[in-house]
Structures are given as structure tokens and as C-alpha cells.
Amino acid sequence: MKMKNTMAAASILFFFLAGLAAAHGSTAEDDTTTIRLPSDGAVAARRRTRPWKCCDNIVRLPQKIDPPFWQCDDELEPGQCFRQCEACRDPPGRPFPGRPLICDDVFWGDDPGTSCAPAEWPWGPCCDFAICTKSIPPICHCSDEVESCAASCRQCEMVDSWSWRPLFVCRDSFTGDPGPSCTPHN
């Protein structure tokens, strides 16, 4: 019983001294204990609707929240940037500011949208057996067995099959939607 009381007193003393040290270390010039919320001087606007129609350079911001924050780092002409965004900024590393600009708005949601560039899947224009991760955007590969791989496939492998002709599978991965299905599903 005496051991429990000693440990409890030591714990209380520890927390008391820690609080005293934290209060003593903070001065008017040193704002180490100040918590800044996103609204305190933040330039970027956080939105529940995407300010961009499409984005080729999507960035997931490091905050660990669900749904996550997204930002599009595509370079836009100033007129286009100011039309669709609340805040625009110069891209990092530009010696001469002004053109082009990056939208500084932040989208808060599950789906950051589609890519602006037409999708060129390494396995061709369609896929029936796509295997994708559950990440956003997904990372997919197509397990369709075809007579020949598409020209854009870098890792084309012959597979064992019951067919009399050789069949191949493209082992390349693609970040994004796996594309349409080759056979219509009714």
C-alpha cells in the first residue's frame, strides 16, 4: 500500500514539475506554445468542391485526416488560375515570378478527380481483369491474357495457357483508373 502511495505521489510531482517547466519556458517573444489554426494567416482556401476540372499533378497533403486534403500543382495561365481558384501562387524554383501560376486552393474529399491527359494504359484500350489497390488514386495492373501486348507495354510476359497459341500478359502498373472493360457486362 505504501508503494502505491509513493508511486502516485511521484507521478503527481512529475506532472506538476513538467507543467511548471512548460510555463516557465514560454515568454512573450517565444511563441512555442501557440497553436496556429489553418485560418490564422493561411493563404490556401480549403474547399469541399474541387476547384479544378482535372489535374495531372495531384498532391496529397501530409495531414493524417479522413477524408484527405488534396492540392493540384498543375501550372496554369494567370487568367485561368484566377478564374477557378481563390488563391494562386508562383511555382517553386521559378527565377521570374508571374507566369505560369499554381492554384493554391486545397480540396478536402475522397476523390481528387481525373487526369487531364488522355489515359494511355500500358495494356491497351481496355481490360477485363484489372487488379487495383484501394489507394486513391489506385495502382492497377491488367491480368488479361492476350495474343500480343500493346506497343506501350514494357514488361510483356508469356503465360502458360491451355490454348494452342501463345498468350501474353502485360505486367506494367498504372496509377489511376484501369480503363473500360473489353467485354460488355449485361
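These legends go with a few close-up views of a predicted model.

**View 1. The whole chain, end to end.**
Start with the big picture: the chain has two helices and 12 strands. Read from the N terminus, the elements go α-β-β-β-β-α-β-β-β-β-β-β-β-β. The chain has 186 residues, and 26% of them count as buried. Its accessible surface is about 13,600 Å², with 59% of that belonging to carbon and sulfur atoms. Now take the contacts between residues at least 6 apart in sequence: 51% of these join residues at least 24 apart.

**View 2. The largest nonpolar core.**
Nonpolar side chains tend to be buried together in soluble globular proteins. Here, the largest nonpolar core is made of eight residues. Look for Trp-121, Trp-123 and Phe-174, together with Cys-127, Cys-140, Cys-142, Cys-153 and Cys-170. There's also a second, separate core of six residues, with Leu-76, Cys-85, Cys-88 and Cys-103 among them.

**View 3. Zooming in on Trp-123.**
What does Trp-123 touch, once you leave aside its neighbours within four places in sequence? Its contacts are Cys-140, His-141, Cys-142, Ala-150, Cys-170, Asp-172, Phe-174 and Pro-178.

Strands of a sheet pair through backbone hydrogen bonds, either parallel or antiparallel. This open sheet has the order S8-S9-S12, and its pairing is antiparallel. At the edges sit S8 (130-132) and S12 (174-175), each pairing on one side only.

**View 4. Where S8 meets S9.**
Strand S9 covers residues 139-142 and pairs with S8 over three bridges, in the antiparallel sense. Find Cys-132, and opposite it you'll spot Cys-140 in S9. You've met Cys-140 already: this residue is part of the largest nonpolar core.

Definitions and conventions:
Residues are numbered from 1 along each chain as its sequence is written. This is a predicted model: local features need pLDDT of at least 70, side-chain atom pairs count only at pLDDT 80 or more; totals for chains, interfaces and linings use all residues. Side-chain values use heavy atoms; hydrogens and water are left out. A nonpolar core is a set of buried Ala, Val, Leu, Ile, Met, Phe, Trp, Tyr and Cys residues joined through side-chain atoms within 4.5 Å. Buried means under 20% relative accessible area, exposed over 50%, partly exposed in between (1.4 Å probe, protein chains only). Contact means heavy atoms within 4.5 Å. Two strands pair if DSSP finds at least two bridges between them. Helices (H or I, at least four residues) and strands (E, at least two) are DSSP runs, numbered from the N terminus. Accessible areas come from the Shrake-Rupley method with a 1.4 Å probe; for residues, only the protein chains shown count as cover.
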